[in-house]
Amino acid sequence: MEYRVGPEEAGWRIREVLRRSMGVSYTALKSAKWNGRIRLNGEPARADARVEDGDLVKIDWEEDVPVYQLKPYEFPLEIPYEDEHLLVVAKPGGIASQSSRNHPDDSLENAVYSYYGCPENFIYRPVNRLDKGTGGLMVIARTPHAQHRLQQELHTPAFRRRYLALTDGIPAEEEGMLDFPIAKVPGATIKRMIAPDGKPSRTRYKVLEKRNGGTLILLELETGRTHQIRVHLSHIGCPVRGDFLYGEERPEEFPGCFALHSAMVELRHPLTGETLRLTSLPQWAGELDDSVLFMDFN
């Protein structure tokens, strides 16, 4: 089944196009999503990817392909904040944020499912996502209303995210804005590159320390592109330490992960309006005081 996106649907997520415009049932969507049968302009796509006017959305599913049943994963979770509306987890680097064909049983989704006692109608609602190799704070909504409110604010000043990175190489400037458009590498599944015709992408940064030919950097996203920090830092000659895709893998130092960490999240509680400021520091940051996570950028 195929569908051409119209101007009134520009900016929608693929799942909205599938459900609202194409009439796909929740069960069929879940099956197609799990089995990798959603495509955008001929390329495999995530259900939360956004579409533009003229895009071609395609879904294939087979009636005899079962919807995957989530399995529990007994993994100790570090939880900086929790109430009936929100769960904030400090995800370790090396664990996938969401279950998939490659990680069906050992993702953060499986761990959260287990943490809540494997409820029958469990729905996983991550507001922000982290690459498998990236550690740090992830916000998970526990209700549809909380998810809707937080996703509306995700790339606005009401939902701020700051990261720590340990890089190979030292930036030419101590502080600045990395303003380079990002596009998908032709023929690649996940790899991105800097390209003039890419999507606008902006990352603020500030050097905190210089360490043995590398740098400890504080970063804040102004846009939210795939692999944005990793691509931007690699572009200026300072790839994230241990990044197998854009730098040099270091399995002995960072097994299954790399030195990028979601260290601060500041958000407005979707029900109370209270401002929540949460922090998480990785071991490789050393004796860093978390007050530096809130310093001003020039």
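**Close-up views of a predicted model**

**View 1. Arg-230 counts as buried, at 3% relative accessibility.** The structure shown is a predicted model. Arg-230 sits in helix α5 and pairs with a residue from a loop. Its partner is Asp-131, and the two side chains meet in a salt bridge, with N and O 3.0 Å apart. Asp-131 belongs to the loop between β7 (125-126) and β8 (135-141), so this pair ties together parts that are 99 residues apart in sequence. The two ends differ in cover. Asp-131 is partly exposed, with a relative accessible area of 26%, whereas Arg-230 is buried.

**View 2. Helix α5, residues 228-235, is mostly covered.** Of its 8 residues, 6 are buried. These are Gln-228, Ile-229, Arg-230, Val-231, His-232 and Leu-233. Just after the helix comes Gly-237, with a positive phi of about 80 degrees. Two of the buried α5 residues, Gln-228 and His-232, are touched by Ser-201, which is the subject of the next view.

**View 3. Ser-201 is buried, at 0% relative accessibility.** Its place is in the loop between β12 (192-194) and β13 (202-211). The side chain of Ser-201 reaches the backbone oxygen of Lys-199 at 2.8 Å. Leaving aside residues up to four places away in sequence, Ser-201 touches Leu-178, Asp-179, Phe-180, Pro-181 and Ile-182, along with Thr-223, Arg-225, Gln-228 and His-232.

**View 4. Arg-268 and Glu-153 meet in a salt bridge through their side chains.** The N to O distance is 2.5 Å. Arg-268 lies in strand β15 (residues 260-268) and Glu-153 in helix α4 (residues 144-153), so the pair ties together parts that are 115 residues apart in sequence. Arg-268 is partly exposed, with a relative accessible area of 39%. Glu-153 counts as buried, at 12%.

View 5. An α-helix has 3.6 residues a turn, so residues three or four places apart point the same way. Glu-16 counts as partly exposed, at 27% relative accessibility. Arg-20 counts as exposed, at 57%.

**View 6. Five charged residues are linked in a network of salt bridges.** The members are Arg-160, Arg-162, Glu-220, Glu-266 and Arg-277. A search of the whole structure finds 19 salt bridges.

**View 7. Gln-98 is buried in the loop between β6 (86-91) and α3 (108-115).** Its relative accessible area is 16%. The side chains of Gln-98 and Arg-129 are joined by a polar contact of 3.0 Å. Residues touched by Gln-98 include Lys-33, Arg-46, His-103 and Ser-107. Glu-109, Tyr-124, Pro-126 and Arg-129 are also touched by Gln-98. This list does not count residues up to four places away in sequence.

**View 8. The second largest pocket holds about 360 Å³ of space.** It is lined by 23 residues, and the closest to its centre are Pro-92, Gly-93, His-261, Pro-282 and Gln-283. β6, β8 and β15 each supply at least two residues of the lining. By type, the lining divides into 12 nonpolar, 8 polar and 3 charged residues.

**View 9. Asn-41 and Cys-118 each have a positive phi without being glycine.** Most residues other than glycine have a negative phi. Phi of Asn-41 is near 55 degrees. Asn-41 is found in the loop between β2 (38-40) and β3 (43-44). It is partly exposed, with a relative accessible area of 44%. Cys-118 has a phi of about 55 degrees. Its place is in the loop between α3 and β7. Cys-118 is partly exposed too, with a relative accessible area of 30%.

Methods: Residues numbered from 1 in each chain as written. Predicted model: local features only at pLDDT ≥ 70, side-chain atom pairs only at ≥ 80, totals over all residues. Heavy atoms only, no water. Buried < 20%, exposed > 50% of the residue type's maximum accessible area, 1.4 Å probe, protein only. Helix = DSSP H or I, 4+ residues; strand = E, 2+ residues; numbered from the N terminus. Salt bridge = Lys/Arg side-chain N within 4 Å of Asp/Glu carboxyl O. Polar contact = N/O pair within 3.5 Å; in protein donor to acceptor, adjacent residues only side chain to side chain. Contact = heavy atoms within 4.5 Å. 1 Å grid on protein atoms, 1.4 Å probe; cavity = no way out; pocket = protein on both sides within 12 Å on 5 of 7 lines; lining within 4 Å. Points joined across faces, edges and corners; volume = space filled by probe spheres on them. Nonpolar A, V, L, I, M, F, W, Y, C, P; charged D, E, K, R; others polar.
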